[in-house]
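Grab the structure and work through these exercises with it open. Each one sets a task and then walks through a solution.

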Amino acid sequence: MAGEVITVTSGKGGVGKTTTTANVGSALALLGKKVVVFDGDIGLRNLDIVMGLENRIVYDVVDYVEGRCRLRQALIRDKRAPELYLLPTAQTRDKRAINPDQMIQVCDELRREFDYIIIDSPAGIEQGFHNALAPADRVLVVTNPEVSSVRDADRVIGLVESQQKGPVQLIINRLIAARVKRQEMLSTQDIMDVLSTEIIGIVPEDEAILSSSNRGTPVVFNGKGPAAMAYRDIARRLIGEDVPLSPPQPTSWWQRLFGKTE
Amino acid sequence: MIAIKGFKQGLLVIFSDSSNQPWLTRLRELEAKLSANPGFFKGGSVAFDVKATPLSEDDLRRSIELLQSYEVTLWAVLTGDEATRARVRALGLADRLAPPAPAPAPIPHPTREATPFIAATPSPATEPPAHISPIEASDAEGTDGLLVRHRVRSGQVLRHPGHVVVIGDVNPGAQLIAGGDIIVWGRLEGSAHAGALGDDHAVICALEMSPSFIRIADVVRMPRPSKRRSRGKAGSAQMARVEDQEIVFVAWNSADGIFE
């Protein structure tokens with residue numbers, strides 16, 4: 001069976017697309033799937049850093065598209081999972097180095113070998129976004145519980161729907177239940193009122209993310225915190241398991257006082 | 001005579017055949033419409049139907065320039081004249097409203113709705129403004145109104161010379177522009193401009209009225225201080241209309257005899 005192409009996008013920058021790509025991709029690989037995470041952000045590549053594979057890049061997807069290497073040579077194996085690969089992009093080029101047809105062609109080749117191809121889309125709705133969207137079978141839109149990020153997600157969902165791509169599923173990232181309770185942050189319901197899109201995961205704010213990104217170790221590899229668990233749940237939902245969405249509970253005052261429970 | 005009709009794909013300007021006036025005179029007639037109602041046309045894209053009138057390359061270029069000066073994009077010219085059609089193509093414009101179909105369309109899937117959106121930023125020529133479904137036969141005569149049965153999202157623009165009816169919510173950042181009335185069977189949070197061709201008797205109705213911007217003809221109403229999403233209490237259905245050069249909101253339950 002041909003693999004599935006999943007594009008992770010958001011419109012707004014800094015909401016957690018790359019973190020989501022790295023963690024969902026790694027979690028799928030830990031479930032035994034053959035996975036490639038594909039950096040769609042030509043010129044501003046980050047996925048290699050978050051995956052901790054930066055210094056192993058020899059060739060990238062632009063080298064392949066322009067005929068300087070075979071696709072195999074551009075793929076970097078991540079030994080932390082049985083079958084996990086990174087397809088890096090070029091740092092010294094811009095979005096015009098690849099067009100949507102070439103993205104489709106690259107992904108069609110990857111589909112033959114992999115179960116999942118996860119594309120990390122650049123921010124914005126320009127060519128880089130259209131490149132990342134062109135081959136997509138499924139689109140994950142990442143948003144934060146905050147008005148401007150939800151507005152951009154709405155715009156992106158409209159664009160995805162009008163190109164008849166999809167299904168579109170929503171990841172609410174960096175939710176802080178206690179602040180929602182104090183009405184300082186949009187609730188899941190507030191977000192659904194605007195977006196009315198199926199939610200595939202709610203990822204709580206988690207300090208572990210920052211240090212894991214800096215170290216180049218996605219939290220799903222050994223984290224026990226709430227974000228790691230949420231990303232693993234998203235991966236299980238993607239492979240079709242029925243994992244109920246449990247809204248994150250506010251941590252109680254004594255949990256905050258005595259540190260995290262894990 | 002110039003007629004403007006609305007299609008799901010956008011606006012069609014029809015230059016009727018009977019006139020023998022030079023093209024420049026007819027463009028002036030169009031310019032009068034553009035300058036009288038800039039709010040209606042601005043940012044939109046139009047197609048021309050010039051019937052059998054032959055147009056030179058210069059005529060076509062002038063048309064494009066005139067529209068550009070009002071921030072309107074010309075994307076297609078329908079013509080009965082073969083030489084004109086060749087010039088239209090040479091300029092990179094479409095010569096029909098539907099993009100060439102690769103194969104005869106299968107019976108449309110009943111659950112899949114057409115996407116009637118006029119893109120906020122039209123793509124340059126040869127195709128209908130981005131992401132628009134091919135024209136449907138039932139649309140061939142144009143429509144008095146535009147009915148949309150889904151949520152209108154941020155960045156999406158619905159523009160029609162007649163009425164615009166949305167069954168669904170209109171999200172913040174979405175835009176409705178109608179020559180006639182605007183009816184939203186849902187929550188109106190985006191911007192709405194009714195009577196955009198100058199009719200200040202036009203009204204805007206919504207089940208829940210919290211627009212970011214509202215305008216009827218030339219009368220503007222700035223947003224009310226936002227009660228930040230007072231959802232749940234969901235105010236009653238309201239109608240906005242012009243009274244003494246001001247937009248007023250009337251709750252629907254007291255709207256008996258509103259039109260006298």
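**Exercise 1. Find the strands that pair with β2 of chain A, and work out whether β2(A) is buried or exposed.**

Step 1. β2(A) runs parallel to strand β4 (residues 84-87) of chain A, and 4 bridges link them. Strands here are DSSP runs of E with at least two residues, helices are runs of H or I with at least four, and both are numbered from the N terminus. Two strands pair if DSSP finds at least two bridges between them. To get your bearings, look for A:V35 opposite A:L84 in β4(A).

Step 2. Strand β5 (residues 116-120) of chain A is also parallel to β2(A), with 5 bridges. Here A:V37 sits opposite A:I118.

Step 3. Now check burial: a residue is buried with 20 or more other C-beta atoms within 10 Å of its own, exposed with 12 or fewer, and partly exposed in between, with C-beta atoms placed from the backbone. A:V35, A:V37 and A:D39 point one way, A:V36 and A:F38 point the other way, and all are buried. With 5 of its 5 residues buried, β2(A) (residues 35-39) is largely enclosed by the rest of the structure.

A word on the model: it is predicted, so local features need pLDDT of at least 70 and side-chain atom pairs count only at pLDDT 80 or more, while totals for chains, interfaces and linings use all residues. Residues are numbered from 1 along each chain as its sequence is written, and chains are lettered from A and ligands numbered from 1 in the order in which they are written.

**Exercise 2. Sort the residues of helix α10 (residues 208-215) of chain A into buried and exposed.**

Step 1. The buried ones include A:I209, A:S212 and A:S213.

Step 2. Ask what does the covering: α1 (17-30), α2 (47-50) and α11 (226-238) of chain A are included. Just past the helix, A:G216 has a positive phi of about 80°.

**Exercise 3. Describe how helices α7 (residues 147-162) and α9 (residues 188-195) of chain A pack.**

Step 1. Their axes come within 10 Å and cross at roughly 35°. Axes are lines fitted to C-alpha atoms, for helices over the stretch in contact, and angles run from 0 to 180 degrees between N-to-C directions.

Step 2. List the contact residues, meaning those whose C-beta atoms, placed from the backbone, lie within 7 Å. α7(A) supplies A:V150, A:A153, A:D154 and A:I157, and α9(A) supplies A:I191, A:V194 and A:L195.

Step 3. By class, that makes 6 nonpolar, no polar and 1 charged residues. Ala, Val, Leu, Ile, Met, Phe, Trp, Tyr, Cys and Pro count as nonpolar, Asp, Glu, Lys and Arg as charged, and the others, Gly among them, as polar.

**Exercise 4. Trace the open sheet of 4 strands in chain B.**

Step 1. The order is β1-β2-β3-β4, with mixed pairing. β1 (2-7) and β4 (73-78) of chain B are at the edges with a single partner strand each, so one side of each has no neighbour in the sheet.

Step 2. β1(B) pairs antiparallel with β2 (residues 10-15) of chain B over 6 bridges, and B:A3 stands opposite B:I14.

Definitions and conventions: Contact = placed C-beta atoms within 7 Å.
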